Structures are given as C-alpha cells and as structure tokens.
Amino acid sequence: MTRFIQADFPLYEGTKVPHLRISEGETAPYVLLPGDPGRVELIRDLFSNYKIISSNREFKVGTGEFNGNPVSVCSTGIGGPSTEIAVLELLRLKAKCLLRIGGTAAIQEGIDCGDMIINTGSVRLGGTTNHYARPEFPALANHYVVQALIEACEDLGYRYHLGIGATTSSFYHGQGRDVSPYNYSANIIEEMKALGVLNLEMESETLLTIASVMGAYAGTLLVVHANRITNQWLVDYEESQMKLCKVALHAVDKLITRGVVS
Ligand SMILES: O=P(O)(O)O[C@H]1O[C@H](CO)[C@@H](O)[C@H]1O
Ligand SMILES: O=c1cc[nH]c(=O)[nH]1
C-alpha cells in the first residue's frame, strides 16, 4: 500500500518520512552523513549488529552499535537540496547530532591526499540554505563536535587540518573546473585560497546551517580526495574512507561518553 498523507510534511505508509522511508525509532540520536551511499555499506565492519534499514533514491540508511551504543549512517547524495532533505527528515526522526563524513578537495599547499580536514565552518556558496537564513548567517560547526573530532584524530594518529571550508553547489564550474567557454566561477579557488579557506566540497554548509537553525549538534569531518593546487587526485580511495569512518565513530563515542548531546 502506498499512501502519502498531507503535503506540508508528507508521510509514507502513515509513519515513514517520505524520502528516507523510515519511521521514528529506526534511527539513533547520532547519525553519520556520507554523501555517497557506498560509504553506508563500507562502514559496516566497524559496527556490531549493523543493518541497512532503507534505500530510496540517493538515501541509504544503516543502523548498528558502536561500543554498545546505537549509531546510524545516512547518505545525503550530492549537494544542498538532497542534504536538506536528509537532515530535515533525520531531525524529524529525533536525530540530535549529525556528523558529515565526506570527501573533499584541498586548496592549500601542504594538505596531502588522505589527510583529514575538520571544518570549523563553511563558506555558504551552495545556495540551498538561503531559504533558511540570510547569506551573512554563519555556517558553524558545534564546538563540542569539533573538539571530539580533534581528539579522535590525535588518538588514532591521523594527520588533520582544522579550519574553514567552502561548500559549492557545482562540482565543475563551481569548483573552478573550466569545462565550457566561459566559467563564471573561474577565480573561486584563487579567491578562497587567499582567504585561507582549506577545502571545497558540496554539503557541509547545508548541514551546519540547518542544524544550527534547528538547534541540533553538527560537525564535518572530511578526507582529502584531491589537491587542486598540486593537481593530485587520490585513486586508491577506500583506505582513506575507512580512516574517515574510524575517526568519526571514535569522536561519536567520546560525545556519547561525555553526555554532551541530550
Ligand atoms: O565524498 P562525498 O561525501 O560524496 O562528498 C564529496 O564528493 C562529491 C563529489 O564527487 C560531493 O558530494 C562532495 O562533497
Ligand atoms: O574535487 C573534489 C573532490 C571531492 N569533493 C569535491 O567536492 N570536489
């Protein structure tokens, strides 16, 4: 039976949020958010009792236990609009702390492929959150989440960089890749680099802005997939993604132990 009730916040089959297709109680208060649905599968071995509970469009959701505590993983797909949907539906399901685990391109020398980046905030170049707050509103990560991520990288001995990232709504022109005769964003890397921005990716500003507006905890942990200054692209990416997942779960464990999120 396919039933949607009310257009304002439609529910599928009476209780399921419409895109993630899950009901309250199926996800944990702590949720990891990769863009890529493949990472929802890749992370499986780090959990006990891990189950994929839904898969619809770009949204794949898994829930398992890490050190005895429930943690969920939900892919957002690429970019702001699908991230907005995932975040809103997870908050509707009573998520309290959302942590993006993604890939990114560094735009500073000295940041190597495979390094971690913890963004303290994101430049809002994506557009989706202009529906939530004026452009001057900052997209900031939660302080406790940032601190837990720093400690997790240090505990595991992974090299990390801390600072502001920029979120774009375009992978090619929006990140300064010239693919047509005129690129309106041709100077984006030069501009962001000069401002000290560390990296480019496509979802963090949406997560950080919406979580902040809605009173949830959020942060962003990224692994460097490319360096646009040195023109390097990490081909063997799986091991780096596993490092990313390990750091994220280690940080979540700290937040749970500290009782930061209630
Ligand atoms: O590695 P994920 O989380 O998919 O994120 C990065 O990869 C995609 C681009 O290839 C964008 O979504 C970007 O933000
Ligand atoms: O170049 C890149 C690599 C990862 N993610 C991005 O958004 N851009």
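Colleague: Which residues are around ligand 1?

Modeller: In this predicted model, the residues around ligand 1 are Gly35, Asp36, Arg39, Ile78, Arg100, Gly102, Gly103, Phe171, Glu201, Met202 and Glu203.

Colleague: How do these residues divide into nonpolar, polar and charged?

Modeller: The shell around ligand 1 has five charged residues, three polar ones and three nonpolar ones.

Colleague: Which strand gives the most to that shell?

Modeller: That is strand 7, made up of residues 97–106, which gives three residues to the shell around ligand 1.

Colleague: How many Å is an oxygen atom of ligand 1 from the side chain of arginine 39?

Modeller: An N or O atom in the side chain of arginine 39 is 2.8 Å from an oxygen atom of ligand 1. For arginine 100, an N or O atom of the side chain is also 2.8 Å from an oxygen atom of the ligand.

Colleague: And what about aspartate 36?

Modeller: With aspartate 36, a backbone N or O atom is involved, and this atom lies 3.5 Å from an oxygen atom of ligand 1.

Colleague: What share of the ligand's accessible area does the protein cover?

Modeller: On its own, ligand 1 has 350 Å² of accessible area, and the protein covers 82% of that.

Colleague: Which pocket is the space taken by ligand 1?

Modeller: Ligand 1 takes the space of the largest pocket.

Colleague: Changing topic, what pLDDT does the protein chain average?

Modeller: The average pLDDT of the protein chain is 96, and 99% of the residues score at least 70.

Colleague: What are the ipTM and pTM of the model?

Modeller: The model has an ipTM of 0.99 and a pTM of 0.97.

Note on methods
Residues are numbered from 1 along each chain as its sequence is written. Chains are lettered from A and ligands numbered from 1 in the order in which they are written. This is a predicted model: local features need pLDDT of at least 70, side-chain atom pairs count only at pLDDT 80 or more; totals for chains, interfaces and linings use all residues. Side-chain values use heavy atoms; hydrogens and water are left out. A residue is near a molecule or strand if one of its heavy atoms lies within 4 Å of it. A polar contact is a pair of N or O atoms within 3.5 Å; within protein, one must be able to donate a hydrogen and the other to accept it, and residues adjacent in sequence count only if both atoms are side-chain atoms. Accessible areas come from the Shrake-Rupley method with a 1.4 Å probe; for residues, only the protein chains shown count as cover. On a 1 Å grid over the protein atoms alone, a cavity is a set of points where a 1.4 Å probe fits but cannot get out, and a pocket is an open set with protein on both sides within 12 Å along at least five of seven lines; lining residues have an atom within 4 Å of a point. A molecule sits in a cavity or pocket if more than half of its atoms lie within 2 Å of its grid points. Helices (H or I, at least four residues) and strands (E, at least two) are DSSP runs, numbered from the N terminus. Ala, Val, Leu, Ile, Met, Phe, Trp, Tyr, Cys and Pro count as nonpolar, Asp, Glu, Lys and Arg as charged, and the others, Gly among them, as polar. pLDDT is the predictor's confidence in each residue, from 0 to 100.
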